[in-house]
Amino acid sequence: MSTSNFLDEAIARGFVFQCTDAEALRAEIEAGPIAAYIGFDCTADSLHVGNLVQIMILRLLQRHGHTPVVLLGGGTTRIGDPSGKDESRQMLTEAAIAANMAGIRRCFAGFLRFGEEPAEAMLANNADWLDGLGYIPLLRDIGAHFTINRMLGFDSVRLRLERQQPLTFLEFNYMILQSYDFRELNRRLGVVLQIGGSDQWGNIVAGMELTRRTDGKAVFGLTTPLITTASGAKMGKTAQGAVWLAADRVSAYDYWQFWRNTEDADVGRFLRLFTDLPLEEITRLECLGGAAINEAKKILATEATTLVHGAEAAALAAETARLAFEAGEVAAALPSIDVPLGELEAGIAAFRLFTVAGLAASNSEARRLIRGGGAKVNDALIIDEGDIISSALLRNGTIKLSSGRKQHRLVRGV
């Protein structure tokens with residue numbers, strides 16, 4: 001695939017929110033392969049669906065023959081990025097940061113090819129250069145290029161102050177360190193493009209200015225849009241919490257079902273952003289009307305799940321859903337939980353079992369689910385949140401719990 005088409009396809013798929021000097025960047029890309037990076041701080045041991053836009057644009061970059069660089073914030077995680085936050089981030093121990101970094105590395109396995117050959121992705125850790133910085137040399141050599149007036153004008157700082165939320169001096173330094181990262185990656189790996197979410201615009205521009213002032217080099221910035229659903233919900237959030245990318249944090253079936261539940265109005269947009277399907281095929285799928293749009297949702301779910309869990313697991317998840325929803329069967333591959341047989345024999349209140357099974361985020365939410373008529377046990381509606389679920393309801397060793405039409409769990413007595 002031609003390297004020069006990357007920016008055009010990124011725009012066509014909806015990845016681009018802002019871009020610095022798009023024509024100069026286009027000329028840079030047309031001149032030959034480039035290296036571009038996105039930074040990920042190590043605040044959890046997995047990335048989640050909210051990070052997928054950044055991961056997928058790196059994947060698109062690589063598909064066009066360019067080199068994606070994944071920068072892990074082993075150094076900056078100790079500070080915390082104030083962008084889009086109302087409160088200071090909790091300080092993590094060195095051991096926690098290292099464990100999170102290892103988990104995040106694994107999240108990229110299905111999306112990028114890593115190696116030493118041209119266009120293969122590279123991993124970097126900003127602790128490699130930030131840990132060795134001396135405070136006084138940093139102030140003298142780097143701090144001199146940042147004015148307080150300019151820093152206060154960036155959204156990451158200004159919005160925090162306007163909301164009268166505390167901004168520590170530690171966090172205030174984050175912009176300087178992220179700028180230093182950009183310059184360092186340009187010097188070490190020839191990186192000429194930094195990509196980030198729309199809240200990173202100020203930090204990216206600051207890094208560009210630092211590189212130009214100290215090294216006389218032109219580098220570029222590109223931001224991706226904040227993705228919300230058609231109904232205005234934040235992408236990747238459910239009643240049960242974040243939808244994680246680590247395969248051991250969410251089952252292939254639950255991940256498939258998350259995408260299958262996409263709103264009709266979002267199908268085309270999500271196919272463009274979160275799959276590799278050709279744009280012509282996506283145009284055909286998003287034009288499907290009525291019940292036929294469900295076929296496009298299934299394709300979206302299977303394509304997205306393949307990237308995280310592999311083709312075999314994605315196909316099994318699709319077949320499990322077909323059996324559960326279309327054939328009316330209890331599929332053995334449905335997500336399941338083990339409950340001590342003694343507890344089942346004694347009986348468990350329905351609301352508590354739905355919470356334990358992960359079909360509700362809390363007991364109160366489970367109560368509301370049941371009172372609202374959204375809960376079933378073995379496909380039979382229950383309306384009393386205090387109903388006792390016992391081993392008498394076991395069918396072939398399992399009890400099927402359902403939240404609405406699309407979320408199911410099997411309870412096994414062990």
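In this predicted model, helix 12 and helix 15 meet through a set of side-by-side residues listed here in chain order. Helix 12 contributes Ala252, Tyr255, Trp256, Trp259 and Arg260. Helix 15 contributes Asn294, Lys297, Lys298, Leu300, Ala301, Thr302, Ala304, Thr305, Val308 and His309. By class, the residues of this contact comprise eight nonpolar, four polar and three charged. Helix 12 spans residues 252-260 and helix 15 spans residues 293-309. Their axes come within 8 Å and cross at roughly 140°. Angles over 145 degrees would count as roughly antiparallel. Helix 12 and helix 15 are therefore oblique to each other. The crossing of helix 12 past helix 15 is right-handed.

Helix 15 also packs with helix 13. Here the angle is about 20°, and the axes lie 10 Å apart. Angles under 35 degrees count as roughly parallel, and helix 13 and helix 15 are therefore assigned to that class. Helix 13 passes helix 15 in a left-handed crossing. On the helix 13 side, the contact involves Val267, Phe270, Leu271 and Phe274. On the helix 15 side, it involves Ile293, Ala296, Lys297, Leu300, Ala304 and Leu307. Nine of the residues in this contact are nonpolar, none is polar and one is charged. Lys297, Leu300 and Ala304 of helix 15 take part in the contact with helix 13, and these residues also meet helix 12.

Helix 13, residues 267-274, is also a partner of helix 1. Helix 1 covers residues 6-13, and its buried residues are Phe6, Leu7, Glu9, Ala10 and Arg13. These residues lie on the same side of helix 1, because they cover an arc of only 165° around the axis. Besides helix 13, the buried residues of helix 1 pack against helix 2, helix 3 (52-63), strand 6 (220-224) and helix 14 (279-286).

The C-alpha atom of proline 33 is separated by 7.8 Å from that of alanine 119. Along the chain, proline 33 and alanine 119 are 86 residues apart.

Notes. Residues are numbered from 1 along each chain as its sequence is written. This is a predicted model: local features need pLDDT of at least 70, side-chain atom pairs count only at pLDDT 80 or more; totals for chains, interfaces and linings use all residues. Side-chain values use heavy atoms; hydrogens and water are left out. Axes are lines fitted to C-alpha atoms, for helices over the stretch in contact, and angles run from 0 to 180 degrees between N-to-C directions. Helices (H or I, at least four residues) and strands (E, at least two) are DSSP runs, numbered from the N terminus. Angles under 35 degrees count as roughly parallel, over 145 as roughly antiparallel, 65 to 115 as roughly perpendicular and the rest as oblique. A crossing is left-handed if the near helix is turned anticlockwise from the far one by less than a right angle, and right-handed if clockwise. Contact means heavy atoms within 4.5 Å. Ala, Val, Leu, Ile, Met, Phe, Trp, Tyr, Cys and Pro count as nonpolar, Asp, Glu, Lys and Arg as charged, and the others, Gly among them, as polar. Buried means under 20% relative accessible area, exposed over 50%, partly exposed in between (1.4 Å probe, protein chains only). The arc is that of the directions from the helix axis to the C-beta atoms.
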